[in-house]
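Subject: Structure for your review

Dear colleague,

Please find the structure below, followed by a short account of the contacts between its side chains.

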Amino acid sequence: MSHMAHRGPRIAVVTGAARGIGAAVARGLSERGMRVVLLGRELESLRAVADSLPGTPCCIEADVTDEAAMQGSARSVAERLGPASVVVANAGIAVAGPFANCDAALWNRVIGVNLIGSAVTARVFLPQLLETRGYFLQVASSAAFGSAPMMSAYCASKAGVESFAQALRSEMEPEGVGVGIAYLHWTDTDMIDELDEHVVLRELRRRQPAPARRVHSAARVAELLVRGIERRSPTLYAPPWLRLAQPLRPLFPHLVAWAARRSFARMSPAEFHAAAGVLGAGGHADWDVQRSAAPIRPTTPPQD
């Protein structure tokens, strides 16, 4: 019997659950009898996912970078459903294009959602996980292995969440809270669909060995993640062969740089200097809301 199967009432929180991997993980956990909380910025999309799930899922609209909103979300979960025993920090966005041509606010937003948002998610739900001696899963990426050009914010954020989760694991182990890191490779989401429109990123993928180029369905990736959640695994790999790449990580930056040089040599100046843009429907939804928000007024006068 799995560790998760005999813990009494089971509440799972999944961030970034409006589509893709988050929605698929929510489905998998629901099918295993967990009461799932779908958390994200797009309430209507969350509700559409919830309507397709078994059981009685709950939707909460919140920005994972908003500490106050997330604290309120955690209180709502505890008061309405009980303390969470599983929390999946999956929310993430990406931007593709040259760092020099990327809007600073957009670059910072990727770091904010992917890294800061994961830390906020952990911070607000840790009291509940301590109570249930639960499990926190941080969704990372093979992007943490070797940083790809044109993806500087995404790769930096995924390397950051890996390091964050490793430190958190050591801190939480004496408390009985498990911390897992999920390493994902090419997964069939709208983010990946738009990645292939970028010359260098398409070429980097094309130059990988055949098994490494394969794109895996969100449902298959979620199946592997849910299995790891049930086992409270410290590391999860989707696809499983990615585990074999861990010892080779020192080589990856050199291999990526070699492939990038060959790709850059064939790019036109217009392609090389194209503006960086956000990827995927979720990323566009988040960035559209972020851009329309009223600017924050300074709390002190400008200093001369």
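How many aromatic pairs does a search of the whole structure find? The search finds three. Rings of Phe, Tyr and Trp (its six-membered ring) count as a pair if their centres lie within 6.5 Å; planes under 30 degrees apart are called stacked, those over 60 edge-to-face, and the rest tilted.

Please note that this is a predicted model, in which local features need pLDDT of at least 70 and side-chain atom pairs count only at pLDDT 80 or more, while totals for chains, interfaces and linings use all residues. Residues are numbered from 1 along each chain as its sequence is written, and side-chain values use heavy atoms, with hydrogens and water left out.

Aromatic pairs

F99 and W107 form an edge-to-face pair, because their ring centres are 5.6 Å apart and their planes stand at 80 degrees. F99 is exposed, at 57% relative accessible area (exposed means over 50%, buried under 20%, and partly exposed in between, with a 1.4 Å probe and protein chains only).

The rings of Y183 and Y237 are stacked, because their centres lie 5.3 Å apart and their planes are at 15 degrees. Y183 belongs to strand β7 (residues 178-184) and Y237 to strand β10 (residues 235-238), so this pair ties together parts 54 residues apart in sequence. Strands (E, at least two residues) and helices (H or I, at least four) are DSSP runs, numbered from the N terminus. Y183 is buried at 2% relative accessibility, and Y237 is buried at 10%. Together with F145, Y183 and Y237 make up one aromatic cluster.

Salt bridges

Side chains of opposite charge can pair when their charged atoms come close. The structure holds eight salt bridges, each being a side-chain nitrogen of Lys or Arg within 4 Å of a carboxyl oxygen of Asp or Glu.

One of them joins R19 and E42, at 2.6 Å from N to O. R19 sits in the loop between β1 and α1, and E42 in the loop between β2 and α2, 23 residues apart. R19 is partly exposed, at 26%.

Another joins E230 and R32, at 3.2 Å. E230 lies in helix α9 and R32 in the loop between α1 and β2, so the pair ties together parts 198 residues apart in sequence.

D63 and R109 also meet in a salt bridge, at 3.1 Å. D63 is buried at 14%, and R109 is buried at 6%. Salt bridges with shared partners join R41, D63 and R109 into one network.
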